[in-house]
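Welcome! Let's take a friendly walk through this structure, starting with a question about charged side chains.

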Amino acid sequence: VGGGPTGSEIAANLHALGRRCGARPQVTLVTHGDRLIEQAPMAASRVLHSQLVRKVVEVQMQTRMVRREPDTLVTQGSRRIEAHIVVLATGL
């Protein structure tokens, strides 16, 4: 959870680590913003988004998490996202 520099890097590295270990990891990056790394130039955000999607990282933008339930994140709109492991990288 978190679409800034840390969350984006963690998502990419978790996916890469899983692939190196022979797994097919399902990594989802969730952010409340309308783009990744909002403080970066727009072009950089677009390139990052396309690289993550190309690596099969699911990116969910404009999504606010309101609570964690067992193996699930619940969004502000009551949508449920399967999540066995959650990494919070939401900044300070």
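Which residue forms a salt bridge with E69? The partner is R67, and the closest N and O atoms of the pair are 2.8 Å apart. Please keep in mind that this is a predicted model.

A search of the whole structure finds 2 salt bridges, listed here:

| Salt bridge | N to O distance |
|---|---|
| E69 and R67 | 2.8 Å |
| E69 and R80 | 2.4 Å |

Together, R67, E69 and R80 are linked in a network of salt bridges. E69 is partly exposed, with a relative accessible area of 21%, and R67 is also partly exposed, at 44%.

Now for the helices and their neighbours. Helix α1 (residues 5–20) has 16 residues and spans 22 Å from its first C-alpha to its last, close to the 22 Å expected. Its buried residues are G7, S8, A11, A12, H15 and G18. They cover an arc of only 130° around the axis, so they sit on the same side of α1. On the other side of α1, E9 and R20 are exposed. The cover over the buried residues of α1 includes β1, α2 and β2. After α1 comes G22, with a positive phi near 85°.

Those covering elements also belong together: β1, helix α2 (residues 42–54) and β2 make a right-handed β-α-β unit. Strands β1 (residues 27–30) and β2 (residues 57–60) pair in the parallel sense over 4 bridges, with V27 standing opposite V57 in β2.

Note on methods:
Residues numbered from 1 in each chain as written. Predicted model: local features only at pLDDT ≥ 70, side-chain atom pairs only at ≥ 80, totals over all residues. Heavy atoms only, no water. Pairing = 2+ DSSP bridges. Helix = DSSP H or I, 4+ residues; strand = E, 2+ residues; numbered from the N terminus. Right-handed = clockwise from strand over helix to strand, strands pointing away. Expected span 1.5 Å × (residues − 1). Buried < 20%, exposed > 50% of the residue type's maximum accessible area, 1.4 Å probe, protein only. Arc of directions from axis to C-beta. Contact = heavy atoms within 4.5 Å. Salt bridge = Lys/Arg side-chain N within 4 Å of Asp/Glu carboxyl O.
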